[in-house]
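Could you walk me through this protein model as if I were seeing it for the very start?

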Amino acid sequence: MRSLIPVGRLALIVTTVCALVFTSSSRAQQSADQPSTPIPLPGKPIPPDYSKLSEHNIEWLKTQPAQAQMEFLLGAAINHDHGATDMIAKLVEDWHGKLHRTQRWQDLETTALYANDLRVRAATIEINLAVNNLAKTEDTAKELMESGKQQESNRPWDAWELGTLASRGIEADRIHELLVTWAGTARNHQ
(Lines give C-alpha, C1' and ligand atoms only; values in the text may rest on other atoms or scores of the structure.)
Protein backbone atom coordinates (compact mmCIF):
# COMPACT_ATOMS: atom_id res chain seq x y z
CA MET A 1 0.00 0.00 0.00
CA ARG A 2 1.36 3.47 -0.95
CA SER A 3 1.60 6.13 1.69
CA LEU A 4 0.33 9.54 0.75
CA ILE A 5 2.44 12.67 1.24
CA PRO A 6 0.78 15.08 3.70
CA VAL A 7 -0.52 18.25 2.01
CA GLY A 8 1.79 20.56 4.00
CA ARG A 9 4.84 18.53 3.05
CA LEU A 10 3.76 18.38 -0.59
CA ALA A 11 3.34 22.17 -0.63
CA LEU A 12 6.85 22.55 0.80
CA ILE A 13 8.30 20.23 -1.85
CA VAL A 14 6.50 22.05 -4.69
CA THR A 15 7.59 25.45 -3.35
CA THR A 16 11.21 24.29 -3.05
CA VAL A 17 11.23 22.88 -6.60
CA CYS A 18 9.68 26.09 -7.98
CA ALA A 19 12.25 28.19 -6.14
CA LEU A 20 15.08 26.08 -7.54
CA VAL A 21 13.70 26.32 -11.07
CA PHE A 22 13.28 30.11 -10.73
CA THR A 23 16.78 30.50 -9.28
CA SER A 24 18.24 28.40 -12.07
CA SER A 25 16.46 30.38 -14.79
CA SER A 26 17.35 33.77 -13.29
CA ARG A 27 20.98 32.67 -12.82
CA ALA A 28 21.07 31.60 -16.47
CA GLN A 29 20.07 35.13 -17.46
CA GLN A 30 22.84 36.79 -15.42
CA SER A 31 25.78 38.36 -17.14
CA ALA A 32 28.78 36.30 -18.20
CA ASP A 33 30.92 37.68 -15.37
CA GLN A 34 28.91 35.66 -12.86
CA PRO A 35 29.42 31.93 -13.36
CA SER A 36 26.39 29.68 -13.19
CA THR A 37 27.46 27.47 -10.30
CA PRO A 38 25.47 26.55 -7.23
CA ILE A 39 24.99 29.53 -4.96
CA PRO A 40 27.34 29.21 -1.97
CA LEU A 41 26.23 30.23 1.51
CA PRO A 42 29.43 32.00 2.61
CA GLY A 43 30.95 34.89 0.68
CA LYS A 44 29.84 38.20 -0.78
CA PRO A 45 26.15 38.95 -1.32
CA ILE A 46 24.79 37.89 -4.71
CA PRO A 47 21.85 39.97 -5.90
CA PRO A 48 18.94 38.08 -7.48
CA ASP A 49 18.86 40.54 -10.39
CA TYR A 50 20.64 43.60 -11.70
CA SER A 51 19.39 45.76 -8.79
CA LYS A 52 18.61 48.69 -11.04
CA LEU A 53 15.40 50.40 -12.02
CA SER A 54 14.88 49.60 -15.67
CA GLU A 55 13.84 52.13 -18.30
CA HIS A 56 10.62 50.13 -18.54
CA ASN A 57 9.98 50.63 -14.79
CA ILE A 58 10.69 54.35 -15.04
CA GLU A 59 8.35 54.79 -18.01
CA TRP A 60 5.63 52.80 -16.23
CA LEU A 61 6.09 54.93 -13.08
CA LYS A 62 5.37 58.11 -15.04
CA THR A 63 1.88 56.78 -15.84
CA GLN A 64 1.00 55.87 -12.25
CA PRO A 65 -0.72 57.89 -9.54
CA ALA A 66 1.39 59.16 -6.63
CA GLN A 67 0.39 56.30 -4.29
CA ALA A 68 1.51 53.61 -6.74
CA GLN A 69 4.75 55.49 -7.48
CA MET A 70 5.56 55.80 -3.79
CA GLU A 71 4.79 52.19 -2.92
CA PHE A 72 6.71 50.82 -5.91
CA LEU A 73 9.76 53.01 -5.32
CA LEU A 74 9.90 52.37 -1.58
CA GLY A 75 9.75 48.62 -2.26
CA ALA A 76 12.55 49.04 -4.81
CA ALA A 77 14.60 51.08 -2.30
CA ILE A 78 14.16 48.37 0.33
CA ASN A 79 15.48 45.88 -2.25
CA HIS A 80 18.48 48.19 -2.87
CA ASP A 81 17.53 48.85 -6.49
CA HIS A 82 19.94 51.47 -7.79
CA GLY A 83 18.15 54.73 -8.51
CA ALA A 84 15.11 54.15 -6.28
CA THR A 85 16.08 56.58 -3.51
CA ASP A 86 17.15 59.15 -6.12
CA MET A 87 13.74 58.86 -7.78
CA ILE A 88 11.98 59.21 -4.41
CA ALA A 89 13.96 62.39 -3.72
CA LYS A 90 12.84 63.82 -7.08
CA LEU A 91 9.16 62.97 -6.65
CA VAL A 92 8.41 63.22 -2.92
CA GLU A 93 7.56 66.94 -2.82
CA ASP A 94 4.91 66.42 -5.52
CA TRP A 95 3.37 63.59 -3.48
CA HIS A 96 2.27 65.88 -0.60
CA GLY A 97 -1.52 65.81 -0.32
CA LYS A 98 -1.79 62.89 -2.77
CA LEU A 99 -0.82 59.98 -0.52
CA HIS A 100 -2.76 58.11 2.11
CA ARG A 101 -2.12 55.37 4.62
CA THR A 102 -2.63 51.89 3.25
CA GLN A 103 -1.67 48.55 4.71
CA ARG A 104 0.95 48.23 1.98
CA TRP A 105 2.43 51.64 2.92
CA GLN A 106 2.53 50.73 6.59
CA ASP A 107 4.20 47.38 5.87
CA LEU A 108 6.79 49.06 3.63
CA GLU A 109 7.37 51.81 6.20
CA THR A 110 8.00 49.30 8.99
CA THR A 111 10.48 47.36 6.85
CA ALA A 112 12.20 50.48 5.49
CA LEU A 113 12.70 52.08 8.90
CA TYR A 114 14.90 49.12 9.81
CA ALA A 115 16.76 48.95 6.48
CA ASN A 116 20.52 48.54 6.61
CA ASP A 117 20.85 51.41 4.13
CA LEU A 118 20.38 54.75 5.89
CA ARG A 119 19.27 56.34 2.59
CA VAL A 120 16.26 54.04 2.63
CA ARG A 121 15.44 55.16 6.17
CA ALA A 122 15.78 58.82 5.13
CA ALA A 123 13.54 58.23 2.10
CA THR A 124 10.95 56.65 4.40
CA ILE A 125 11.00 59.68 6.65
CA GLU A 126 10.49 61.97 3.65
CA ILE A 127 7.60 59.81 2.48
CA ASN A 128 6.10 59.76 5.99
CA LEU A 129 6.02 63.56 5.94
CA ALA A 130 4.36 63.47 2.50
CA VAL A 131 1.78 60.86 3.62
CA ASN A 132 0.89 63.08 6.58
CA ASN A 133 1.13 66.21 4.39
CA LEU A 134 3.57 67.86 6.79
CA ALA A 135 5.85 70.54 5.37
CA LYS A 136 9.48 70.62 6.48
CA THR A 137 9.14 74.05 8.09
CA GLU A 138 9.55 75.69 11.47
CA ASP A 139 5.80 76.45 11.42
CA THR A 140 4.97 72.75 11.15
CA ALA A 141 7.30 72.01 14.07
CA LYS A 142 5.67 74.76 16.15
CA GLU A 143 2.16 73.41 15.38
CA LEU A 144 3.16 69.89 16.45
CA MET A 145 4.83 71.20 19.61
CA GLU A 146 1.73 73.18 20.51
CA SER A 147 -0.53 70.20 19.81
CA GLY A 148 1.49 68.00 22.18
CA LYS A 149 1.58 70.70 24.86
CA GLN A 150 -2.18 71.25 24.74
CA GLN A 151 -3.23 67.62 24.65
CA GLU A 152 -1.01 64.91 26.11
CA SER A 153 -2.88 62.19 24.22
CA ASN A 154 -1.48 63.69 20.98
CA ARG A 155 2.11 63.46 22.19
CA PRO A 156 3.09 60.05 20.82
CA TRP A 157 2.15 61.02 17.26
CA ASP A 158 3.41 64.59 17.65
CA ALA A 159 6.71 63.35 19.11
CA TRP A 160 7.20 60.90 16.22
CA GLU A 161 6.56 63.57 13.61
CA LEU A 162 8.73 66.09 15.47
CA GLY A 163 11.51 63.51 15.46
CA THR A 164 11.17 63.11 11.70
CA LEU A 165 11.36 66.88 11.24
CA ALA A 166 14.43 67.12 13.50
CA SER A 167 16.11 64.35 11.52
CA ARG A 168 15.61 66.48 8.41
CA GLY A 169 17.27 69.48 10.09
CA ILE A 170 14.16 71.39 11.21
CA GLU A 171 14.39 72.90 14.73
CA ALA A 172 16.53 69.96 15.87
CA ASP A 173 17.82 71.47 19.14
CA ARG A 174 14.46 72.85 20.18
CA ILE A 175 12.68 69.58 19.34
CA HIS A 176 15.28 67.59 21.28
CA GLU A 177 14.75 69.71 24.39
CA LEU A 178 10.97 69.36 24.15
CA LEU A 179 11.09 65.58 23.64
CA VAL A 180 13.37 65.20 26.67
CA THR A 181 10.84 67.22 28.69
CA TRP A 182 7.93 65.11 27.42
CA ALA A 183 9.81 61.90 28.21
CA GLY A 184 10.45 63.14 31.77
CA THR A 185 6.79 64.04 32.17
CA ALA A 186 5.72 60.61 30.94
CA ARG A 187 8.06 58.91 33.45
CA ASN A 188 6.67 61.01 36.30
CA HIS A 189 3.09 59.96 35.42
CA GLN A 190 3.91 56.27 35.61
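**From the surface inwards**

The protein exposes about 12900 Å², and carbon and sulfur atoms supply 57% of that area. Keep in mind as you look around that this is a predicted model.

How confident is the prediction? The average pLDDT of the protein is 84, and 78% of the residues score at least 70. Residues 20-33 need some care, as their pLDDT is below 50. In the model, this stretch has twelve contacts beyond near neighbours in sequence.

Now let your eye follow the chain. As for what is covered, 32% of the 190 residues of the protein count as buried.

Is Glu109 buried or exposed? Its relative accessibility is 10%, and buried means under 20%, so Glu109 counts as buried. Which residues does Glu109 touch, leaving aside its neighbours within four places in sequence? Glu109 is in contact with Leu74 and Arg101, and also with Thr124 and Asn128.

Definitions and conventions:
Residues are numbered from 1 along each chain as its sequence is written. This is a predicted model: local features need pLDDT of at least 70, side-chain atom pairs count only at pLDDT 80 or more; totals for chains, interfaces and linings use all residues. Side-chain values use heavy atoms; hydrogens and water are left out. pLDDT is the predictor's confidence in each residue, from 0 to 100. Contact means heavy atoms within 4.5 Å. Buried means under 20% relative accessible area, exposed over 50%, partly exposed in between (1.4 Å probe, protein chains only). Accessible areas come from the Shrake-Rupley method with a 1.4 Å probe; for residues, only the protein chains shown count as cover.
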